[in-house]
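Let's go through this model together, one feature at a time.

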Amino acid sequence: MIGRDEILGLIPHQGTMCLLDRVLEWDPQRIVCASGSHRPTAHPLRHAGRLRSVHLCEYGAQAMAVHGGLLARADGGRAAPGLLVSLRGVQLLRPTLDGLAGELEVIAERLLGGEQSWQYGFSIAHAGEPLASGRAAVMLRR
């Protein structure tokens, strides 16, 4: 298992903007992360006391970034910085994350990976209940 301190060393998001707590498992195609960061009232994406489900896309994107960092590290390097350029087929199954007491499970699966871009599918669930899913593309800045 990979903890938060190690995650912080893999992605540019720092402090409370790092939304993931742990990597539960990963392989070259897929990563599974856990997070309880949706619960605090001081969440950096919370607005007017609400944390909207659209922000689950950021959880998926951060899982992608961690996965890319782990793959690069396994090859002896560091992942190039990336820019999220598109979200497709996003489904949000509830309006907010308010009242979810347990951890979120964040899964990202690599669909395509090249020198200049990545595509992933992502899904987020809470206690086995699907909350969001979609696809995301990242352009790498080399």
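Q: Which residue in β4 does A34 stand opposite?

A: Strands here are DSSP runs (E, at least two residues), numbered from the N terminus, and helices are H or I runs of at least four. Two strands pair if DSSP finds at least two bridges between them. In this case, A34 stands opposite E105 in β4. Before we go on: this is a predicted model, in which local features need pLDDT of at least 70 and side-chain atom pairs count only at pLDDT 80 or more, while totals for chains, interfaces and linings use all residues. Residues are numbered from 1 along each chain as its sequence is written, and side-chain values use heavy atoms, with hydrogens and water left out.

Q: How many bridges join β2 to β4?

A: Six, and strand β4 (residues 104-113) runs antiparallel to β2. β2 also pairs with β1 (residues 22-26), again antiparallel, over four bridges; there V23 stands opposite C33. Three residues separate β1 and β2, which form a hairpin.

Q: Is strand β2 mostly covered or mostly uncovered?

A: Buried means under 20% relative accessible area, exposed over 50%, and partly exposed in between, with a 1.4 Å probe and protein chains only. Of the six residues of β2 (30-35), five are buried, so the strand is mostly covered.

Q: What is the strand order in the sheet?

A: Reading across, the open sheet of six strands goes β1-β2-β4-β5-β6-β3, with antiparallel pairing. β1 and β3 are the edge strands, each pairing on one side only. From one strand to the next, the twist averages 25°; angles run from 0 to 180 degrees between N-to-C directions, along lines fitted to C-alpha atoms, for helices over the stretch in contact.

Q: Which helix packs on the sheet?

A: Contact means heavy atoms within 4.5 Å. Helix α2 (residues 56-74) touches β1, β2, β3, β4, β5 (117-126) and β6 (129-140), and its direction makes about 125° with that of β5.

Q: Why does D98 count as buried?

A: Because its relative accessibility is 18%. D98 lies in the loop between β3 (82-92) and β4. A polar contact is a pair of N or O atoms within 3.5 Å; within protein, one must be able to donate a hydrogen and the other to accept it, and residues adjacent in sequence count only if both atoms are side-chain atoms. The side chain of D98 makes one with the side chain of R46, at 3.0 Å.
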